[in-house]
Structures are given as C-alpha cells and as structure tokens.
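I opened this notebook to record what I looked up in one structure. The entries follow the order in which I consulted it.

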Amino acid sequence: MDSAIAAKHTEKPVPTSQAAEEAGLSESNLEKRRLSGDGPEFIKLGRRVLYYPSDIRRWLESNKRLSTSDIGVSATRKGRKTRQREVV
C-alpha cells in the first residue's frame, strides 16, 4: 500500500469548520473554493463534507510562491487556462 494512502487511513477526516481553521481560512472561503474547484480535495458523504488533514497540508504546500507574479502550478492544474497579462 502506498504510504500516502496508508497515512490517510490512519487519520480521521475533519469537518469544514476544522479544515478551515487548519488552513487559516473562514468556512465561507473554503466553501467557495470547494465550489470553484480551487480548494483542497474533500469527501462528500450525503450532505456532509469532510477533509483529510494531509490533503489540507498538501494543498497549502502546493500554493507556495516565490513572488506575487509567480502563477505557480496550481493555476494551470485541471487544464484551466490562465490569464496572462499582455506586455505592451
């Protein structure tokens, strides 16, 4: 079994309120990111939404940047087109 998968099986998924606290965001912000697909991976069980803490940490790591002009990898994931400023 993959170590990342094994780690997920040993940790308990947390509700949106705890996930938002872990990420340093408001619940509303995390919910909006979930709708737009820009947030961490989540689990949907009926009406409940849960997050693995390791997914939150991985998502935070993937959003690290070296400068404000660095679009990073997450802006181009899932085949999204990125808006690039045209130099005139």
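**Entry 1: the packing of α2**

I began with the buried residues of α2, and I find that they pack against β1 (14-15), α3 (27-36), β3 and α4. I note here that the model is a predicted one. Which residues of α2 are buried? I list T16, A19, A20 and A23. Viewed down the axis of α2, these buried residues fall within an arc of 100°, so they line one face of the helix.

**Entry 2: the nonpolar core**

I next looked up the largest nonpolar core, which has 9 residues: V14, A19, A20, A23, L30, V49, Y51, I56 and W59. At least two residues of this core come from each of α2 (16-23), β3 (48-51) and α4 (53-62). Which element gives the most to this core? I find that α2 does, with 3 residues.

I asked what V49 touches once its neighbours within four places in sequence are set aside. I record contacts with V14, P15, T16, R34, F42, I43 and K44.

I turned to W59, which I located in helix α4. Is W59 buried or exposed? I find W59 buried, as its relative accessible area is 8%, and the limit for buried is under 20%. I also checked W59 against P40: the two are 19 residues apart in sequence, and their C-alpha atoms lie 5.3 Å apart in space.

**Entry 3: the sheet**

I traced an open sheet of 3 strands in the order β1-β3-β2, and its pairing is antiparallel. I note β1 and β2 (43-45) as the edge strands, each pairing on one side only. How many bridges join β1 to β3? I count 2 between these antiparallel strands. I see that V14 stands opposite Y51 in β3; both residues also belong to the nonpolar core of Entry 2.

**Entry 4: the whole chain**

Finally, I looked up the totals. I find 4 helices and 3 strands in the chain, and along the sequence they follow the pattern α-β-α-α-β-β-α. Of the 88 residues in the chain, 23% are buried. Among contacts with a separation of 6 or more, I note that 50% are between residues 24 or more positions apart. The accessible surface of the chain comes to about 7000 Å², and carbon and sulfur atoms account for 52% of that surface.

Methods:
Residues are numbered from 1 along each chain as its sequence is written. This is a predicted model: local features need pLDDT of at least 70, side-chain atom pairs count only at pLDDT 80 or more; totals for chains, interfaces and linings use all residues. Side-chain values use heavy atoms; hydrogens and water are left out. A nonpolar core is a set of buried Ala, Val, Leu, Ile, Met, Phe, Trp, Tyr and Cys residues joined through side-chain atoms within 4.5 Å. Buried means under 20% relative accessible area, exposed over 50%, partly exposed in between (1.4 Å probe, protein chains only). Contact means heavy atoms within 4.5 Å. The arc is that of the directions from the helix axis to the C-beta atoms. Two strands pair if DSSP finds at least two bridges between them. Accessible areas come from the Shrake-Rupley method with a 1.4 Å probe; for residues, only the protein chains shown count as cover.
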